[in-house]
Amino acid sequence: MRSLIDLIKKVRRGKRVSEVKCFREDQACEGAFDHIDRGVCSVPLAQIVGSVGRYHDFDNQFKLKQHVPPDRLISVKQAMREGKPLPPVKLYKIKDEYYVLDGNHRIAAAKEFDRSEIVAKIVEFIPSSNTLENIIYREKNEFLAQTGLVHHLDISEVGQFPYLLEQVETHRAFLAGGEKPGLTMKQAAEDWYQTIYLPMIGIIRKANLLAGFPGRTLDDLFAYISFHQWEKGRTRRYGIGIDKLIPRDMGTFREKMATMNKEEYPEMLRSITAFITMNVEAKRELKVVEKLFALPEVREVHSIHGSIDILVKIALTRDLLSSDAEVIGQFVHAKVRQIDGINSTQTLIPGTSKIKS
């Protein structure tokens, strides 16, 4: 199989880019031979990229090539102009791309008329090669098949879709034992999506947590937070305080969020107060004090007589997935230690505090 895939790739490199993709080549590369009938639905024309048997007859925009008689295309375009009903095209699907089994001219005409979608009968071929992308795709397929959800979920880590499936099943059992006995898996999945998934995603968006996790998705963070928050006996790696916003029980979270609208979702932010002591070069204290005081995070700066030269009070904000030490360390390294004249620093994080007004 490996040598066959390598051969196909060589042929592809030599193929003219003006040709639509060949289904058989992509099928062999992905090892996509098991198939599922997905029924009839609308398909975005932009995702129809190839043909099963006529890939030589169309360019990569699905325009007819010169060697193909235009008669059939002309008649299809005329039927579309007159609004005559045309049967659904037949498509094969591999991951997010579609290949035309029957209806190449209807696809070409629809693209020429700048339509965005077309009704199609779909047979999906499931990739079997064990790339990371394909493993996640198969897990996603199983999740969607079991739950019947049509909403888009984007996970980038193996094992997360199976966990979400367990989460939906736990939610189904919770509802079936109380307010909704006899609930089906698909009904529970839709309730889970509306009452648990969407509120949690709303909290994550409001806190702009994704900015701190490059390369990850909103759904990655949903799976991460919910897994560590709701799995019994799990040790969390993120900061304290999150239990006040997201209860340790999924059912309690659902009840809490049911009383809120989006504008009332809590912000996953926490204030940090810390002190930094530092030693500086001789005769540089005043300049260092001025530069420190100009930083917006700095609340107080004191020049000290004794074993240390300067004492600084800072106020920072962190999200509840970070630790105090991580955020403070980043601030000291990125802003404080960049000031010329500072020889050394030591950070002090208060435990219990009492402050007089």
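Strand 3 (residues 48-51) and strand 5 (residues 97-102) are paired in the parallel sense over 3 bridges, where two strands pair if DSSP finds at least two bridges between them. Within this pairing, Gly50 has Tyr99 of strand 5 as its bridge partner. The model is predicted: local features need pLDDT of at least 70 and side-chain atom pairs count only at pLDDT 80 or more, whereas totals for chains, interfaces and linings use all residues. Residues are numbered from 1 along each chain as its sequence is written, and side-chain values use heavy atoms, with hydrogens and water left out.

**Chain overview**

- The secondary structure of the chain amounts to 11 helices and 10 strands; helices (H or I, at least four residues) and strands (E, at least two) are DSSP runs, numbered from the N terminus.
- Of the 357 residues in the chain, 42% count as buried, a class defined by under 20% relative accessible area, with exposed over 50% and partly exposed in between (1.4 Å probe, protein chains only).
- Among contacts (heavy atoms within 4.5 Å) between residues at least 6 apart in sequence, 64% join residues at least 24 apart.

**Sheet and hairpin**

- Strand 4 and strand 5 pair in the antiparallel sense over 5 bridges, and Ile94 stands opposite Glu97 of strand 5.
- The hairpin of strand 4 and strand 5 has 2 residues between the strands, and Lys95 takes a positive phi near 55° there.

**Helices across the sheet**

**Residues with positive phi**

- Most residues other than glycine have a negative phi.
- Phe62 has a positive phi, near 65°, and lies in the loop between strand 3 and helix 3 (71-81); Phe62 is buried, with a relative accessible area of 2%.
- Lys95, in the loop between strand 4 and strand 5, counts as buried at 12% relative accessibility.

**Largest pocket**

- The largest pocket holds about 620 Å³ of space.
- Its lining comprises 18 residues, of which Lys93, Tyr98, Leu144, Leu149 and Val150 are the closest to the centre.
- A pocket is an open set of points on a 1 Å grid over the protein atoms alone, where a 1.4 Å probe fits, with protein on both sides within 12 Å along at least five of seven lines; lining residues have an atom within 4 Å of a point.
- Grid points are joined across faces, edges and corners, and the volume is the space filled by probe spheres set on the points.
- Strand 2, strand 6 and helix 5 each supply at least two lining residues, and helix 5 gives the most, with 5 residues.
- The lining divides into 9 nonpolar, 4 polar and 5 charged residues; Ala, Val, Leu, Ile, Met, Phe, Trp, Tyr, Cys and Pro count as nonpolar, Asp, Glu, Lys and Arg as charged, and the others, Gly among them, as polar.
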